[in-house]
Amino acid sequence: MRDLLNVFTYTFKEHLKKKAFIVSTCIVVILTIIMMLIPAAITKFSKSDELTPPQNQTGTGETQKEGTLYIIDKDNSFKQDFSTFNLALPTYTYEVKSVDQEGSLIDSVKNGEDQYLVVINENNGIPEINYYFKDYMKGPDPVLLNTIFKNIYANSLLKDTNVSQEIVNKLSSPIVILENEMGKGLVQTQVACMIVMMLLFFSIYYYGYWIAMSVASEKTSRVMEILITSTKPASIIVGKTLAMGLLGLSQLVLILATGMVTYKLAFPKDFKLFGALFDFSSFTPLSITMIIIYFILGYFLYAMLNAVAGATVSKAEDVNSAIMPISMISIIAFYFAYMPAVIPTAKNLSFIASVVPFSAPFSMPGRLLTSNVPFWQIALSLFLLIACILLFVSISIKLYSSAVLHYGKRLKISELIKMSRK
Amino acid sequence: MGLVVSESTKTYGEKIAVNKINFTFDKPGVFGLLGTNGAGKTTTIRMILGIIDKNSGEIMWNNKPVKRENVNFGYLPEERGLYPKSKVSEQLFYFGKLKGMNAKDAKKSLSYWLERLKATEYYNSVPEQLSKGNQQKIQLVTALIHDPELLILDEPFSGLDPINTDIFKSVVYELVEKNKYIIMSSHQMSTVEEYCKEILILDKGNTVLKGNLREIKSSYGRNNLSIQCEDNILDMAKDLNIGLKEKTPFGYEFKIQNDQQAYLLLGKMLEASIKLDKFEIREPSLHEIFIEKVGAAK
C-alpha cells in the first residue's frame with residue numbers, strides 16, 4: 001500500500017509538471033470558453049439581422065422576392081384564379097402561363113436561377129401537380145405548395161357550391177397549435193448529451209493512451225527494471241493508473257467548471273438552436289456526479305487494458321499499434337452508445353448500450369441527461385461495470401507482470417496469455 | 001549466510017536460457033558472473049532478483065527463498081534505467097522510498113552517495129543532459145541508496161572514463177570492506193580478476209567453469225611466458241622447443257612446459273646481450289581461460 005502511494009504520488013507530481021499536460025490543459029480550457037461564447041456571438045449577430053425579417057412583411061410590393069413561380073393550369077382546374085397565392089407565399093411572384101410554353105419554361109428552370117414551375121393536370125377529376133425546380137431544398141417547399149394549392153382549390157369548389165364566404169374563410173384559416181413540452185426537451189438535451197459523450201470518450205481515450213505511453217517509456221528507458229526490483233508490479237500498474245486518473249479527473253472537472261462559469265456569465269438565456277430553447281438545465285448535481293463516476297469507472301476499465309498494451313512493446317513508437325485493438329473496442333463502444341442517443345426511438349438499444357461495460361461509460365451519462373432512467377438500470381450498469389473492472393484489474397496485473405520485462409518484438413495476445421500462465 | 005543457487009533452470013519456449021545453474025556465494029566479497037552476450041547472465045541475475053520465475057531449482061538467501069520482500073538487494077542494470085526527463089534528486093528519492101526508506105534517510109543517503117561519486121552538481125539536472133559516465137554514477141546511486149546486503153552490478157564499468165572507473169573501483173572496495181555481497185557481471189576480464197575471488201562462466205546457458213579464481217588459475221600451472229624485447233628471439237625459442245603462442249607489438253607470448261625451459265631461454269638471451277624489457281613466467285590470465293573455455297565450447 002505504501003509503495004502504491006509512492007508510485008501514485010511520484011507519477012502525479014511528474015505529470016503535473018510536464019509541459020504537455022500544462023499546454024493541453026490551457027488549450028482545452030480556452031476551447032471550452034470559446035465554445036460557450038459562440039452562441040452569445042451568434043445571438044448578437046442574428047439580433048441585428050432580425051431587425052428587418054422578410055417573413056414578417058405582408059405587403060406584396062415591398063417584400064424582397066426570392067424567385068418566380070410559373071403556373072400552367074392545363075385542365076383549367078383552378079379557373080385561372082390564383083389571386084390568393086401571394087397572400088400565402090409573399091416571397092415569390094407568380095405568373096400564369098399557357099400550355100404551349102411548358103417546354104421553354106422547363107428549360108428556363110433548368111438553366112436559369114430562382115425560377116420554378118408548377119404544371120397542373122387533372123387525374124380522375126382531381127388536380128395533380130408537377131413541380132419543377134433546379135436544386136433540392138431551393139425554392140418553395142413542396143409541402144407548403146400542396147397546402148396552398150389545396151386551399152385555393154377547396155375555396156374554388158366551395159364557392160361553386162354556393163357556400164358563404166365566411167365559412168370559406170374559416171375553413172381556409174390554419175388551426176394554431178401551441179406546443180407545451182413537459183419532458184426533457186429533445187434538442188437542448190441532445191446537444192448536452194452529445195457534448196458529454198464526446199468529452200467522456202476523448203478524455204477516457206486520451207488518458208488511456210497516456211498510460212500506455214508512460215508504461216512503454218518506462219520500458220524504453222529501462223526504469224522498469226529498477227521499479228520491478230523495488231516493488232510489486234501490482235503497485236506500479238495500479239498506482240500509475242490512479243495517478244493518471246486523478247490528473248484526468250482534475251482536467252475534466254476544470255473543463256466542466258470553466259464551462260459552467262462561462263455559461264453563467266456569458267451564455268444568452270434565450271439562445272435557440274433549430275428553433276428550440278437551448279440550455280444546460282439538465283446538468284443537475286446528480287447528473288454531474290454520475291458523469292464523474294462514469295468517467296472514473298470508464299477510465300479505469302480502458303486504462304488497465306492500455307497499461308497491458310503499453311507493457312507489450314519495447315519502443316514508444318510501437319504503442320499506437322499495440323493499443324489499436326483497445327482503440328477499436330472503444331470506438332465501436334462509443335458508436336454503439338452514440339447511435340441510440342441520437343435516435344430516441346431505439347430504446348432497447350440504448351438500454352443495452354448503457355449496461356454493457358465497454359459502452360456504459362459513454363452511454364449512461366448521455367441517457368441520464370436526455371431521459372429519466374429507472375434506478376435499477378443505473379444500478380445494473382454500475383454493478384456490471386465495477387465487476388468487469390475488478391476482473392480486468394486482476395487479469396491486467398498478471399499480464400503486465402509477465403510483459404514488462406520482455407524486450408524485443410511486440411508480444412501478441414496469445415503469447416502474453418501463455419507467458420502469464422507460467 | 002549467503003546465496004545458494006541450486007539446479008536452477010529457466011526456459012523461454014523451446015530455448016533453454018539457463019540450464020541447471022549451481023553455485024554458492026557464502027562469504028562477503030565479489031562474485032564474478034561471466035559469459036558471452038546471450039550466455040544467460042541477465043536471466044541468472046533476474047532469477048536471483050526474483051523478478052522472473054524459474055522453471056525448476058531453488059535460490060536461497062540466508063536460508064530463505066529469494067523474494068523481493070526477503071532480500072534487501074541493490075541492482076545496477078546493464079542498460080541505464082533512469083527517467084530521462086525527471087530531476088536526478090527527485091527520482092533517486094523516489095527509488096529510495098520504493099525500497100522502503102523514510103524521507104529523512106533517503107535524503108541523507110542520497111547526499112552521501114552523490115558526494116562520494118563526485119556528482120553533487122547533478123542534483124537538480126535531468127539524466128538526458130548528462131554524459132554516459134555521469135548517468136552511470138546516478139544509476140549506481142539507485143542501487144546503493146538503501147544500503148543493500150546483496151548487490152548485483154551488471155557491467156558496472158561500461159562507458160566510464162579512467163577517472164570515473166577509479167571512483168567506481170574505490171566504491172566497490174568500500175563495499176567489500178563493509179562486508180557486502182556483490183555479484184558482478186562483466187566482459188572486462190581484468191576488472192573481474194582484480195576483485196573476484198569466485199567466478200562462474202556461462203556459455204549458452206550452461207556452466208563451463210566455476211570456483212575460486214586463484215585455484216582455477218593455479219590448476220592451469222605457470223605455463224605462460226611473456227617476454228618484451230626489441231630483438232628477434234624466435235630461433236632461440238625454437239631451439240629450446242618452446243612454442244610461440246602469439247607475437248605481440250612489444251614482444252612474444254610463449255607456452256612452456258616448466259619453469260626450467262624459461263630459464264634456459266633467459267640464459268641464451270643474456271648470453272646474446274639482448275636488451276630485455278620484461279620477462280614473466282605466469283599463470284594464464286582470466287581472459288585466456290575464458291577464451292579457452294568458451295572458445296572450446298563453440
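The legends below describe close-up views of a predicted model.

**Figure 1. Chain A as a whole.**
Chain A of this predicted model holds 15 helices and 6 strands. Of its 422 residues, 45% are buried. Among the contacts in chain A with a separation of 6 or more, 74% join residues 24 or more positions apart. The accessible surface of chain A is about 22,700 Å². Carbon and sulfur atoms account for 66% of that surface.

**Figure 2. The largest cavity and its lining in chain A.**
The count of cavities of 30 Å³ or more comes to 4. The largest cavity has a volume of about 60 Å³. Three helices of chain A, α7 (186-220), α10 (285-311) and α11 (319-342), each supply at least two residues of its lining. The lining includes Ile204(A), Tyr205(A), Gly208(A) and Tyr209(A). Tyr302(A) and Asn306(A) also line the largest cavity, as do Ile323(A), Ile326(A), Ser327(A) and Ser330(A). By residue class, the lining of the largest cavity divides into 6 nonpolar and 4 polar residues, with no charged ones.

The volume of the second largest cavity is about 50 Å³. Its lining runs through Gly112(A), Glu113(A), Asp114(A), Gln115(A) and Tyr116(A), and also takes in Lys134(A), Asp135(A) and Lys138(A). Of the residues that line the second largest cavity, 5 are charged, 2 are polar and 1 is nonpolar.

In soluble globular proteins, nonpolar side chains tend to be buried together. The largest nonpolar core of this model has 108 residues. The members that touch the most other members are Tyr299(A), Phe362(A), Leu3(B), Phe23(B), Ile48(B) and Ile183(B). Helix α10(A) gives the largest share of this core, 17 residues. Another core, of 45 residues, lies apart from it and includes Phe157(B), Val192(B), Ile201(B) and Leu286(B). Leaving out residues up to four places away in sequence, Tyr299(A) touches Ile204(A), Tyr207(A), Ile211(A), Thr241(A), Met244(A), Gly245(A) and Tyr294(A). One of these contacts, Ile204(A), is also one of the residues that line the largest cavity.

**Figure 3. Leu92(B) in helix α2 of chain B.**
Leu92(B) belongs to helix α2, which spans residues 88-98 of chain B. Leu92(B) counts as buried because its relative accessible area is 0%, under the 20% limit. Not counting residues up to four places away in sequence, Leu92(B) touches Leu110(B), Leu114(B), Ile138(B), Val141(B), Thr142(B) and Ile145(B). Between Leu92(B) and Gly2(B) there are 90 residues of sequence separation and a C-alpha to C-alpha distance of 28 Å.

**Figure 4. Gly29(B) in strand β3 of chain B.**
Strand β3 covers residues 29-35 of chain B and contains Gly29(B). The relative accessible area of Gly29(B) is 5%, so this residue is buried. Beyond neighbours within four places in sequence, Gly29(B) is in contact with Val176(B), Lys180(B), Tyr181(B) and Ile182(B). Gly29(B) and Ile59(B) are 30 residues apart along the chain, and 19 Å separates their C-alpha atoms.

**Figure 5. Ser185(B) in strand β8 of chain B.**
Ser185(B) is placed in strand β8 of chain B. With a relative accessible area of 0%, Ser185(B) is buried. Apart from residues up to four places away in sequence, Ser185(B) touches Leu33(B), Lys41(B) and Ile45(B), among others. The contacts of Ser185(B) also include Leu153(B), Asp154(B), Glu155(B) and Pro156(B).

Asn62(B) is not a glycine, although its phi is positive, at about 50 degrees. Asn62(B) is partly exposed, with a relative accessible area of 25%. Asn179(B), likewise not a glycine, has a positive phi of about 60 degrees. Asn179(B) sits in the loop between α5 (162-177) and β8 (181-185) of chain B. Because its relative accessibility is 52%, Asn179(B) counts as exposed, a class that starts over 50%.

How values were computed: Residues are numbered from 1 along each chain as its sequence is written. Chains are lettered from A and ligands numbered from 1 in the order in which they are written. This is a predicted model: local features need pLDDT of at least 70, side-chain atom pairs count only at pLDDT 80 or more; totals for chains, interfaces and linings use all residues. Side-chain values use heavy atoms; hydrogens and water are left out. On a 1 Å grid over the protein atoms alone, a cavity is a set of points where a 1.4 Å probe fits but cannot get out, and a pocket is an open set with protein on both sides within 12 Å along at least five of seven lines; lining residues have an atom within 4 Å of a point. Grid points are joined across faces, edges and corners, and a volume is the space filled by probe spheres set on the points. Helices (H or I, at least four residues) and strands (E, at least two) are DSSP runs, numbered from the N terminus. Ala, Val, Leu, Ile, Met, Phe, Trp, Tyr, Cys and Pro count as nonpolar, Asp, Glu, Lys and Arg as charged, and the others, Gly among them, as polar. Buried means under 20% relative accessible area, exposed over 50%, partly exposed in between (1.4 Å probe, protein chains only). Contact means heavy atoms within 4.5 Å. Accessible areas come from the Shrake-Rupley method with a 1.4 Å probe; for residues, only the protein chains shown count as cover. A nonpolar core is a set of buried Ala, Val, Leu, Ile, Met, Phe, Trp, Tyr and Cys residues joined through side-chain atoms within 4.5 Å.
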